[in-house]
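Here is a short briefing for a first look at this structure. Keep the 3D view open and follow the points topic by topic.

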Amino acid sequence: MLQKTRAIVLDVTPYAEASVIVKAYTDTHGLQSFLVNGVRKQKARFANNLFQPLTLIEVVAYFKKAGGLHRVSEVAASPPLVHIPYDTIKTTMALFMAEVLYRSVKEEEANPDLFGFIDHAVQMLDLHPETASRFHLCFCIQLSRYLGFYPSGRYDALNPWFDLKEGVFRESRPLHPYFLGHELSQRFDDLLQLSLENIHEIKMSADERRQLLQGLITYFELHHTQGFSIRSHEVLMELMG
């Protein structure tokens with residue numbers, strides 16, 4: 001059946017001689033796979049930049065009832081990205097966010113709240129210059145709310161350790177190695193109080209950003225990536241210093 005849906009590109013894999021398979025999160029069917037024929041030809045029908053990670057698109061495709069690969073008939077930017085494709089840091093951040101989503105989101109059914117959050121986050125990253133250095137941290141924290149493992153509790157003098165394995169602030173140091181120390185736990189709690197809109201209000205050093213990013217990667221790998229490791233953050237950390 002031919003259907004139209006908005007979608008967010010998460011991963012692209014070459015297929016056959018000139019085609020690609022696009023993994024995308026859609027507003028009507030959740031995570032789906034699309035076959036786009038001939039896109040790698042010199043005179044392709046669709047521009048290759050429509051299939052970069054985190055691109056927002058509108059797709060008209062032949063949806064199979066049993067799932068599998070859906071063949072694309074039409075595709076267009078929805079809306080076109082203004083800064084992400086041309087800003088090295090934002091491009092790298094988009095690659096990281098797309099990988100986190102690709103490893104974490106598996107449901108093949110509509111979730112309007114999750115789709116709306118991701119769609120809004122991409123447009124925020126694209127259009128707001130003040131988001132650059134801390135946006136990915138807040139994005140991961142807010143995403144965990146939609147995926148069901150949002151951190152519990154608050155940092156205070158009685159609960160100064162954040163346990164990455166259990167997802168809670170606790171009074172004593174965990175016996176396992178998956179935790180944040182006192183200072184990082186406090187900074188982590190600061191991030192919990194912010195939204196994507198006011199992330200620019202928090203200041204932190206490059207070292208704090210690196211350590212918190214590594215902590216969040218561990219948090220996702222412990223709770224929701226089904227054993228897959230996230231790797232694109234390594235480039236992001238190197239680029240941002």
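## Helix 2 against helix 3

Asp113, Leu114, Phe117, Ala121, Met124 and Leu125 of helix 2 touch Phe135, Phe139, Gln142, Leu143, Tyr146 and Leu147 of helix 3. By class, this contact has 10 nonpolar residues, one polar and one charged. The model is predicted.

- Helix 2 covers residues 112–127, and helix 3 covers residues 135–147.
- Their axes lie 10 Å apart, at an angle of about 175°.
- Angles over 145 degrees count as roughly antiparallel, and helix 2 and helix 3 are therefore roughly antiparallel to each other.

**Aromatic pairs**

- How many aromatic pairs does the structure hold? There are 11 aromatic pairs.
- One of them joins phenylalanine 117 and phenylalanine 139, with ring centres 5.5 Å apart and planes at 10°, so this pair is stacked.
- Phenylalanine 117 belongs to helix 2 and phenylalanine 139 to helix 3, so the pair ties together parts that are 22 residues apart in sequence.

**Helix 1 against helix 2**

- Helix 1 spans residues 88–104.
- The axes of helix 1 and helix 2 come within 11 Å and cross at roughly 165°.
- Helix 1 and helix 2 are therefore roughly antiparallel to each other.
- The crossing of helix 1 and helix 2 is right-handed.
- On helix 1, the contact uses Lys90, Met93, Ala94, Met97 and Leu101.
- On helix 2, the contact uses Ile118, Leu125, Asp126 and Leu127.
- This contact of helix 1 with helix 2 divides into seven nonpolar, no polar and two charged residues.
- Leu125 of helix 2 takes part in the contact with helix 3 and in the contact with helix 1.

**Helix 4 against helix 5**

- Helix 4 runs over residues 182–192, and helix 5 over residues 206–223.
- Their axes come within 11 Å and cross at roughly 80°.
- That angle makes helix 4 roughly perpendicular to helix 5.
- Leu184, Arg187, Phe188 and Leu191 of helix 4 meet Glu208, Gln211, Leu212 and Leu216 of helix 5.
- By class, the contact of helix 4 with helix 5 has five nonpolar, one polar and two charged residues.

- Strand 1 (residues 2–15) and strand 2 (residues 19–26) run antiparallel and are joined by eight bridges.
- Threonine 13 has isoleucine 21 in strand 2 as its bridge partner.
- Strand 1 also pairs with strand 4, in the antiparallel sense, over seven bridges.
- Arginine 6 stands opposite glutamate 58 in strand 4.
- Strand 4 (residues 56–62) is joined to strand 5 (residues 69–77) by six bridges, and the two run antiparallel.
- Glutamate 58 has alanine 76 as its bridge partner in strand 5.
- In which sense do strand 3 and strand 5 pair, parallel or antiparallel? Strand 3 (residues 30–36) pairs with strand 5 in the parallel sense, over three bridges.
- Phenylalanine 34 stands opposite histidine 70 in strand 5.

**Hairpins and backbone details**

- Strand 1 and strand 2 form a hairpin with three residues between the strands.
- Alanine 16 lies in the loop between strand 1 and strand 2.
- Alanine 16 has a positive phi of about 55°, although it is not a glycine.
- Most residues other than glycine have a negative phi, and most peptide bonds are trans.
- Strand 4 and strand 5 form a hairpin with six residues between them.
- In the turn of that hairpin, glycine 67 has a positive phi of about 80°.
- The peptide bond from serine 78 to proline 79 is cis, with omega near -10°.
- Proline 79 lies in the loop between strand 5 and helix 1.

- Three strands form an open sheet in the order 7-6-8, with antiparallel pairing.
- Why do strand 7 and strand 8 each have one side left without a neighbour in the sheet? Strand 7 (168–170) and strand 8 (179–180) stand at the edges, each with a single partner strand, so one side of each is left without a neighbour.
- Strand 6 (residues 161–163) and strand 7 run antiparallel, joined by three bridges.
- Tryptophan 161 stands opposite arginine 170 in strand 7.

Conventions: Residues numbered from 1 in each chain as written. Predicted model: local features only at pLDDT ≥ 70, side-chain atom pairs only at ≥ 80, totals over all residues. Heavy atoms only, no water. Pairing = 2+ DSSP bridges. Helix = DSSP H or I, 4+ residues; strand = E, 2+ residues; numbered from the N terminus. Axes fitted to C-alpha atoms, helices over the stretch in contact; angles between N-to-C directions. Parallel < 35°, antiparallel > 145°, perpendicular 65-115°, else oblique. Contact = heavy atoms within 4.5 Å. Nonpolar A, V, L, I, M, F, W, Y, C, P; charged D, E, K, R; others polar. Left-handed = near helix turned anticlockwise from the far one by under 90°. Phe/Tyr/Trp six-rings, centres within 6.5 Å; stacked < 30°, edge-to-face > 60°.
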